[in-house]
Amino acid sequence: METTAFQKIYTKITQITKATCSLKAEGVGNEEIATVNGKLAQVVKIQGDTVTLQIFSGTEGIPTNAEVVFMGKAPTIKVSDELAGRFFNAYGDPIDGGPSVEGKEIEIGGPSVNPVRRQQPSELIPTGIAGIDLNNTLVTGQKIPFFADPDQPFNQVMAMVALRAKADKIILGGMGLSNDDYLFFKHIFENAGALDRIISFINTTENPPVERLLVPDMALTTAEYFAHEKHQKVLVLLTDMTLYADALSIVSNRMDQIPSKDSMPGSLYSDLAKLYEKAVQFPEGGSITIIAVATLSGGDITHAIPDNTGYITEGQLFLRRDTDIGKVIIDPFRSLSRLKQLVIGKQTREDHPQVMNAAIRLFADAANAKTKLENGFDLNDYDERTLKYAKEYSRELLAIDINIEIDAMLDTGWRLFAKYFNKSEIGIKEALVAKYWPKN
Amino acid sequence: MATKGKVTGIIANMVVIEADGPVSQNEICFIRHKGVDLMAEVIKVLGNKAFTQVFESTRGLKVGTEAEFKDHMLEVTLGPGILSKNYDGLQNDLNKMKGVFLKKGEYTEALDPDAEWDFTPIAKAGDKVEAGSWLGEVTEGWMPHKIMLPFKFEGQFIVKSVALKGKYRTKDTVAVVTDEKGKDHNVTMMQKWPVKIPIRAYKEKPRPFKIMETGVRTIDTLNPLAEGGTGFIPGPFGCGKTVLQHAVSQQAEADMIIVTACGERANEVVEIFTEFPELEDPRTGRKLMERTTIICNTSNMPVAAREASVYTGMTLAEYYRSMGLKVLLLADSTSRWAQALREMSNRMEELPGPDAFPMDLPAIISNFYSRAGSVYLNNGATGSITFLGTVSPAGGNLKEPVTESTKKAARCFYALNQERADSKRYPAIDPIDSYSKYLEYPEIQEYLKKTIAPDWVEKVTLAKDILLRGKEASEQINILGDDGVPIDYHERYWKAEVLDFVILQQDAFDKIDKSTPFERQEFMLDEVLKVYNMKYKFTSFEEINPFFKAVINIFKQMNYSEFKSEKFNNYLQQLNNKLNERKAV
């Protein structure tokens, strides 16, 4: 960002903390960006003639006589078709060695869509993974996170979903990615030959944490350009939102704000909602679907980050290792897709909702039976059958390495019902049982 | 002359304005930013500095920007034309806004001043009237909409003239009244009212004495909500809070429904926008949208307007209550409102209460809940506001400040249970933890005896006991094992399961099962109690499980069939046959 002639330069900083600095300046707008000795900063507070700037890369080495230049605008990104296939840092500068991108300059973190202008999400996103398609169907315009412990393969599953989803553009917002994960995404996208529809904004653990705060807005503003102006189906991947929230708490702490639950800022809900609510189905056909990752510590979903996320997103996907089959599965109890009701049984076969529910209920019975077994009690015949069913259900439908069509998932469901249960035990409407119960 | 001011400080959406004249608490002001007026509300005054919360993004706002104070609080416009509208938290008509994205500082008129209405006079010259008195009536959609003496009119007035029957525009004068000093005042169909002040144009507020049917069995049968009553639904995410509230909004027996989407997901409101114009109200055959008004301030819309949205919803409800209507007000979620309060309190650097919420949170919440209720209007007619709010407790912990404060204020408590939700037992209302205080009201008991059955209350109490005993039996079985307990325990457990599966669980996505009128609820409860009261012969516990599973299966088929249809009756016959297989002689 170069300086233009008429800009006034300030050189007297009055206060410096770990993330912010203050100075006396005039005519400065709220949320305006500035450079402090070349480092990018943003106005976060104005009191009389004192302006407080948050310096994204930290205040290390900033002297009190640093050169401060105000840009007269909020952070922006230049958008055009040239973005496709490129990798950028949190400021939108290329990190792949290519030239910088020319295009329309737009402010990031722009206004919200008028709710009455939204379209109801209605297009199913098939992923081939039965734990998703059968039990937690995804729909365009949806926002859904993976809740996973750091050791689980969430980035792999997310990349798989992204590549199978047939989106026009995939935008990756990487926050605090390890360099290895960054290279993983780069390779998997290259190998799939999909690089031309992928745009990445990457902040790795090597970069300062506060810079991360720009990443989701960069990714989502770019997504809005393609979805709204180009009517494309855009899939945005945000990983890892927990690290984003951590950066928020760092800033709020430096600004002396009173922390609420789990040392998170009191505005965490609104901050996260502003991002996730960018997921939208536009009436002209474009859409933004957000798949995010929020890592948990020790599976605790009552922590402020997953908790607030869960209230904002339209469901959540849990990964769990099923030791009975030795594979990672999509946990059917804790996972949920709120928008599935819009498509299941409508764009999929009529028996989808009931098969899904019955299958999960029987899986729950198996979990009860397992508890009984662990407590040293005898199992009855029904318990035995549910246990056998659960193993097969887990292997054939819940495991993340499944890749089949939805009809095949439903047929598998019926086959398992018929193999282990009788018709009155599954509690499905008789008309459907008559039609789909395997004949032999 | 209006007080003017200049911006001297900006922290997120809190803006400090130095004023040159008198400023009052909660006064509205407009900050003139780059040719656009940004609305703000005074929330604290310190010397000549007014601390305001801006209802918009403050991006780009500069110190020195001019502001003008409006000498009134945040107001809504009341009049015909509110029904079926989609408003934001400040009562801007969202449909009138241009463009796909919301523009900063774009305010649209809540009502159409030029819309024409068929007016029929009610009052006549010489009548003594006061605020809220009905002067005439127009038809708003299908609903008789009373034109009232504006609530801001204090004291007694004499009607000088009322317009003749005919077509008038919203902004036209339809009556002239004379005050005690002999001064004449013109009355149009429109009036304004500050949202944070309750409308008190009624004679008295009796205790609720009727039940509001919601069609949701676990509410109506076990813990009914009174007409004019208050209730709340706390629950962790993913437990079906919103689905439940939508079900109530579709099926409740009310004249008008106001849905306040307060800081929740935009797609949920879109669902209402899309479905309500299509879905039919089973009682009237009209489209649901024809009795619904939506106040929509989703989570990505400005935080300060979120706080305003619940008050806007309540004020509209009070307006319609004054016409003698039964209004149901839903708010999803009141926790988001409390969080909006917390964000502001934090920016004003107030000393925080528990979980950084403002200290006066319990008072604010109970004050708000107290605005609901049934009333006898001054002319003897009755009207009511039934309020059902949801609470989103942080971490699903019901001991957090918003849930605790709401528990003190609301009379019905519908606790959503994670375990029930996990095992897909929807609606996931915990039958044991939840309560309705109204069941203890003698007025309500009398009402239930009269309208449903003389022994209804006893049956409901019995049903609750069955559930409790079933839970105890299930715990015993889990501790001692299937064969470590008497057969009795299994029977007791499964009888509770029958009640759970048949009465409590309900398929909100099935055309027939989703709504159950009281007549059918009574019938089904009787059938379930018959199963409970019957004596069975079982030789081992292993026979019990399949028997009751089969019973539940038949019951479920009944729930999916049209009431008293041939199919329904066939299943009933099947059920009796099944029961007789095991009947003890």
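The model is predicted: local features need pLDDT of at least 70, side-chain atom pairs count only at pLDDT 80 or more, and totals for chains, interfaces and linings use all residues. Residues are numbered from 1 along each chain as its sequence is written, while chains are lettered from A and ligands numbered from 1 in the order in which they are written.

Start with chain A. It holds 11 helices and 21 strands (DSSP runs numbered from the N terminus: H or I of at least four residues for helices, E of at least two for strands). Its radius of gyration is 25 Å, close to the 22 Å of the globule rule for 440 residues, so chain A is as compact as a globular protein of that length. The radius is taken over C-alpha atoms, and the rule is 2.2 Å times the number of residues to the power 0.38. Along the principal axes, the C-alpha atoms of chain A fill a box of roughly 85 × 50 × 40 Å.

Of its 440 residues, 52% count as buried, with 20 or more other C-beta atoms within 10 Å of their own, C-beta atoms being placed from the backbone.

Now the contact between the chains. Chain A gives 62 residues and chain B gives 62 residues; two residues are in contact if their C-beta atoms, placed from the backbone, lie within 7 Å. On the side of chain B that touches chain A, α3(B) gives the most, with 7 residues.

Strands also meet here. Strand β5 (residues 39-47) of chain A runs antiparallel to β1(B), joined by 3 bridges. Pairing requires at least two DSSP bridges between two strands. A:Lys45 has B:Ile11 of β1(B) as its bridge partner.

How values were computed: Buried ≥ 20, exposed ≤ 12 C-beta atoms within 10 Å, placed from the backbone.
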